[in-house]
Amino acid sequence: MTDTWNPLLREQITWHWDNQLRPRISGLTDDEYFWEPAPGCWSVRPRGTGTAPVQAGAGAMTTDFAMTRPDQAPLTTIAWRLAHVIVGVLAVRSAAHFGRAPTDYQAFEYAATADEALAQLDAEYETWLAGVESLGETGLARPCGEAEGPYAERPLAALVLHIHRELIHHLSEVCLLRDLYLHTHKEAS
């Protein structure tokens, strides 16, 4: 077999990113980004305007969340889901494993516009991909380490697969919310 695991793992996500996920969220508008499809949504909001138990963020915008997940968590906006992917899925992991500057939900400066969020998403995705590539073959077998808590002894390949599942899962949710927005906000013919 001439293929090695590292390029195969990267191809798993780059194919979805290039052919499904990123094209579907291109051109996202601010109205779509902040649209609340149900009452009480968690979102990214101007500082001081959130109603969730915690409003996290270092800049003018914060993201809603709770330290303990509520029994019935609120529906989340595209803005919230992108923030989760950008920070919790990509940036925190790249900081823990690939030398990105440390960050977390409290320290991150959340995007005030859809364009800013997509730029953040693209940057964090590129950092992640470069980090995975830097592992080579031997790095994929290395244990994740303490940054992954109870999964510390699992190989980094398992983390890569998990992060790719998270990207596909959450960005597909963004695509669905965008579809709902577009189908419920059609101009009257």
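At what angle do helix α1 (residues 5–25) and helix α6 (residues 156–184) pack, and how far apart are their axes? The angle is about 15°, and the axes lie 10 Å apart. Keep in mind that this is a predicted model, where local features need pLDDT of at least 70, side-chain atom pairs count only at pLDDT 80 or more, and totals for chains, interfaces and linings use all residues. Residues are numbered from 1 along each chain as its sequence is written, and side-chain values use heavy atoms, with hydrogens and water left out.

**Some ground rules**

- Two packed helices are described by the angle between their axes and the distance between the axes.
- Axes here are lines fitted to C-alpha atoms, for helices over the stretch in contact, and angles run from 0 to 180 degrees between N-to-C directions.
- Helices (H or I, at least four residues) and strands (E, at least two) are DSSP runs, numbered from the N terminus.

**α1 with α6**

- That angle of about 15° makes α1 roughly parallel to α6; angles under 35 degrees count as roughly parallel, over 145 as roughly antiparallel, 65 to 115 as roughly perpendicular and the rest as oblique.
- The two helices cross in a left-handed way, and a crossing gets that label if the near helix is turned anticlockwise from the far one by less than a right angle, while clockwise makes it right-handed.
- On the α1 side, the residues that meet α6 are L9, Q12, I13, H16, W17, L21, R24 and I25.
- Their partners in α6 include A157, V160, L161, H164 and L167, along with C175, R178 and D179; contact means heavy atoms within 4.5 Å.
- Sorted by class, this contact has 13 nonpolar, four polar and three charged residues. Ala, Val, Leu, Ile, Met, Phe, Trp, Tyr, Cys and Pro count as nonpolar, Asp, Glu, Lys and Arg as charged, and the others, Gly among them, as polar.
- L161 and L9 are 152 residues apart in sequence, but C-alpha to C-alpha they are 7.3 Å apart in space.
- L161 counts as partly exposed, at 33% relative accessibility; buried means under 20% relative accessible area, exposed over 50%, and partly exposed in between (1.4 Å probe, protein chains only).

**α3 with α4**

- Helix α3 (residues 78–98) packs with helix α4 (residues 114–134) at an angle of about 30°, and their axes are 9 Å apart.
- α3 is therefore roughly parallel to α4, and their crossing is left-handed.
- Among the α3 residues that meet α4 are L82, V85, I86, L90 and F98, and the α4 side includes L118, L121, Y125, W128 and V132.
- By class, there are twelve nonpolar, five polar and two charged residues in this contact.
- The loop between α3 and α4 is where you find T103, and T103 is buried, with a relative accessible area of 15%.
- Beyond its neighbours within four places in sequence, T103 is in contact with A91, V92, A95 and F108.

**α4 with α6**

- The axes of α4 and α6 come within 12 Å and cross at roughly 155°, so the two helices are roughly antiparallel to each other.
- Their crossing is left-handed.
- Here L121, Y125, W128 and V132 in α4 meet L159, V160, I163, H164, L167 and L171 in α6.
- The class count for this contact is nine nonpolar, one polar and no charged residues.

**Cysteines**

- How many disulfides (pairs of cysteine sulfur atoms within 2.5 Å) does the structure hold? The count is zero.
- C41 is in no disulfide, and the nearest cysteine sulfur, that of C175, is 18 Å away.
- C41 is buried, with a relative accessible area of 2%, and C144 counts as buried at 9% relative accessibility.

**Two exposed spots**

- D31 is in helix α2 (residues 30–34) and is exposed, with a relative accessible area of 56%.
- The C-alpha atoms of D31 and Q120 are separated by 18 Å, and these residues are 89 apart along the chain.
- T68 is in the loop between β3 (61–65) and α3, and T68 counts as exposed at 65% relative accessibility.
- T68 and P53 are 15 residues apart along the chain, with 9.5 Å separating their C-alpha atoms.

Notes: A disulfide is a pair of cysteine sulfur atoms within 2.5 Å.
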